[in-house]
Amino acid sequence: MNFVIKITIEIPKNIDICSTFKSNIKMEKQEKKRGVLSSVFSMKCPRCREGDLFYTHTFSYSRPTEMPEKCEVCNQSFSPEPGFWFGAMFVSYIWMAWFCLFFVGGGILLAGMSVNGAFALLIVICAIFYFWIFRISRSMWIHIYVSYDPLAKSKNKARLASK
Ligand SMILES: [Zn+2]
């Protein structure tokens, strides 16, 4: 003898399970904080990792060297002490020297380029990425100097509210 048991579950039609699930995922994604490398390379404020270090997009070439005085999100100063940005010059010198060495060395030894050809290509690349190199070095330098504070944004909101 066989028995068949039927179970029916009724889901109220006004609840859309799928969209509730999706919005939960969306919220989790928004809460997930930016990592340090992502912050350096997208040139965000090191303290809150949300505010922009520069006014314009890197390859817009308008106002390439101008930065806001403070972060618009957390109020972190972008010039914490006089002559602060001299340090970025040394950062750019260190990593660019290694880059040039490996680029020219790789061009000659691996790609079989002539010395003049490798240097010419290097100069063209450096000219195109001039402001990107300038900016990324500043971003690296301020990320070394200023540490991340996950509560920076809410602290600044509280500070503004108490005024
Ligand atoms: Zn900030």
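What share of the contacts with a separation of 6 or more in the protein comes from residues 24 or more positions apart? The figure is 57%, where a contact means two C-beta atoms, placed from the backbone, within 7 Å. The model is predicted, with local features needing pLDDT of at least 70 and side-chain atom pairs counting only at pLDDT 80 or more, while totals for chains, interfaces and linings use all residues. Residues are numbered from 1 along each chain as its sequence is written.

Helices (H or I, at least four residues) and strands (E, at least two) are DSSP runs, numbered from the N terminus. Of the 163 residues, 16% are buried, that is, have 20 or more other C-beta atoms within 10 Å of their own, with C-beta atoms placed from the backbone.

Helix H5 takes up residues 130-145. Its 16 residues reach 23 Å from first C-alpha to last, close to the 22 Å expected at 1.5 Å a residue (1.5 Å times one less than the number of residues). The buried residues of H5 include Arg 135, Trp 141 and His 143, and the buried set packs against helix H2 (36-41) and helix H3 (86-109). Arg 138, also in H5, counts as buried because 23 other C-beta atoms lie within 10 Å. Leaving aside residues up to four places away in sequence, Arg 138 touches Leu 53, Trp 85 and Ala 88. Arg 138 and Met 43 sit 95 residues apart in sequence but 8.7 Å apart in space, C-alpha to C-alpha.

As for nonpolar cores (buried Ala, Val, Leu, Ile, Met, Phe, Trp, Tyr and Cys residues joined through C-beta atoms within 7 Å), the largest has 8 residues: Met 43, Cys 45, Cys 48, Leu 53, Phe 54, Cys 71, Cys 74 and Ala 152. A second, separate core of 5 residues includes Val 40, Ala 88, Met 140 and Ile 142.

H3 also packs with helix H4 (residues 115-128), at an angle of about 140° and with the axes 9 Å apart; axes are lines fitted to C-alpha atoms over the stretch in contact, and angles run from 0 to 180 degrees between N-to-C directions. The two helices are therefore oblique, the class left once angles under 35 degrees (roughly parallel), over 145 (roughly antiparallel) and 65 to 115 (roughly perpendicular) are set aside.

Definitions and conventions:
A residue is buried if 20 or more other C-beta atoms lie within 10 Å of its own, exposed if 12 or fewer, and partly exposed in between; C-beta atoms are placed from the backbone.
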